[in-house]
Amino acid sequence: MSASGFLALLLVLLSSGRLLASGTGNFSTQPGVGLAGPTSLAMMSESSDECDRVMNYSAAERCAFVKRTPDCSMEDGFINYLRLAFCLLPPNLTPLTITLCMVWLLVLFLILGLTASKFFCPNLSAISSTLHCSHNVAGVTFLALGNGAPDIFSAMAAISHPHTAGLAVGALFGAGIFVTTVVAGSVALVKPFAVASRPFLRDVIFYMIAVFWTFDILYRGTTTMGETLGYLFLYVVYVLTVVISSFIYNWQKNSATNGIQHVPHIPELNSSDSSDDDDVPGMRGGTIQQEYESEYRPLLPYSESTSEILLSSLNPVDNRKWRRKPWTWKVVKVVKTPLEVLLLLCVPVVDPDKEDRNWRRPLNSLHMITAPLLCVLIFQSGAYGGVMIQGEFPVWLLILLLGMFLAAIVFCTTTNDHPPKYHPLFAFLGFVVSAVLISAAASEVVSLLHMLGVVLSLSNTVLGLTLLAWGNSIGDLFSDITIARQGYPRMAIAACFGGIIFNMLFGVGLGCLMQMYETHSSAQFESEGLLTWILPGALGLSLVLSFLIVPLTQFHLGRSYGVFLLVFYCIFLLIALLTEFRIIHT
């Protein structure tokens, strides 16, 4: 089953489960009996979010309630999804509205994935190459940011408001449990191997510290500016630990090599710190890419016209790959192609693995117009799109004119064949545009999930640990399994722990700073009951068990360990859903 179909099925099952748990299977139109049935009254009375009370009213009264309740305004997105759910169509067509919203949710996840993988990550790689960062530093900074962009921006958007903080808690802890159990367990099942001991223990220890600190913040329900800065500084300590340990490991390896030069070099496949080594075969993708392109290079010199370059650069389909791929890949590609074309029009990409670094003169000139204009129109959900300068001249028109002027300069001072010296600056432009786009899409995801939680009487936490966590982590599952099958399971297991430390610390930390900036006070978190404490408890327990079990197995991750992790996740998910349906309660 595809990821999109899986997510859609999940929503249906969750809503059905809620209806069965409440003792009704229909959309009630009686006052006091909402979608969640009679039991919703007790639940909504406990909630501090007034908009959650909408399901207490009859279907005919819900639209008026949403319109008159300030808490239902949902100012953070382009669309007010609560008004869309209750006011767009007649009450008897509410299931159709929810279905359309679920389809739109899948589109938003697709936008997040495409922007992160096709634009955000390549530009970060180009920036890392331009700044001459080592693989270790790039891996725990630029690569971690690239891989975790959807999680981080989703968490920031949710934590910036106390009543949606449960989404971030569910997503960050849910994704942490998913990655450290399902993804890591799948890697162990696909390719049993001996994990690098010191990096594994280092990552688990830092992650346990981050989880405990986050739990402490949630328990107190508030955090100060100083504590938030210290929370973010923990990742700086982690980066320094990675760099210093890598330096010590390389120094010890070089000393040992110089001391016994008469012994022939044997690759240390079982070395405990080999995952920290810079010379990783899987990282040499640039050479393979260049050899692949040179194989299909025309024998006779051929120069494309400007219009041909523009059309070819806007075509996301590689005809050579198309012929070799299965029909399922082709169907997915057809669905993704319109979005890819729109993104290609607006977001520049600098690819350091290509010979010309992906220089496309007509398209890059056009990016000088479209990229800044897109940023203005979508930044903070379009808050600056309608701003007028002295009440007469719109900001977007000024940006359009400046962009046209810069586009003319770029086009007239460059050639089609050779990128200019300032071409790396396009990587920074692409980074900014893709980051703004990911942030806007993440805000829409959070707003849409909040609406689904209100309509289906599901807490923000359970939506975060299921839909949001799975939507942001499903790519990690497939990519890490692929890396393991190619013979690099250590790289896959390192990605399981390194990235989620970054996601938690920066997702919560930057989200708290955003809330402090908007409210001019300490950041606040609204607890959503027992489930809020089950999440960090389950994640902490899984980390402690891994910290104890893996050394006892001589750091060998076999299939039995993989099965254990998958069973652990299934038990956790069952307990979480039983708690959500109030079968387990305090």
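Which residue forms a salt bridge with Asp 216? Select Arg 220: its closest N and O atoms to Asp 216 are 3.1 Å apart. A salt bridge here is a side-chain nitrogen of Lys or Arg within 4 Å of a carboxyl oxygen of Asp or Glu.

Before going on, note that this is a predicted model, in which local features need pLDDT of at least 70 and side-chain atom pairs count only at pLDDT 80 or more, while totals for chains, interfaces and linings use all residues. Residues are numbered from 1 along each chain as its sequence is written, and side-chain values use heavy atoms, with hydrogens and water left out.

**Stop 1: helix H8**

Show residues 197-220, which make up helix H8. Helices are DSSP runs of H or I, at least four residues, numbered from the N terminus. Arg 220 and Asp 216 both sit in H8, four residues apart, about one turn of the helix. Arg 220 is partly exposed at 37% relative accessible area, and Asp 216 is partly exposed at 27%. Buried means under 20% relative accessible area, exposed over 50%, and partly exposed in between (1.4 Å probe, protein chains only).

Next select Arg 202 and Asp 203, whose side chains meet in a salt bridge at 3.2 Å, N to O. Both of these residues are buried. The count of salt bridges comes to six.

**Stop 2: Asp 318 and Arg 320**

Asp 318 forms a salt bridge with Arg 320, with the closest N and O atoms 3.3 Å apart. Asp 318 is partly exposed at 23% relative accessibility, as is Arg 320 with a relative accessible area of 25%.

**Stop 3**

Select Lys 325, found in the loop between H12 and helix H13 (327-346). Lys 325 has a relative accessible area of 34%, so this residue counts as partly exposed.

**Stop 4: helix H16**

Move to residues 425-455, helix H16. The 31 residues should span 45 Å at 1.5 Å a residue, and the end C-alpha atoms are 46 Å apart, which agrees. The expected span is 1.5 Å times one less than the number of residues. Of the 31 residues of H16, 25 are buried, so the helix is largely enclosed by the rest of the structure. Just after H16, Ser 457 takes a positive phi of about 55°.

**Stop 5: Gly 511**

Finally, pick Gly 511 in helix H18 (residues 489-519). Gly 511 is buried, at 0% relative accessibility.

Key
Helix = DSSP H or I, 4+ residues; strand = E, 2+ residues; numbered from the N terminus.
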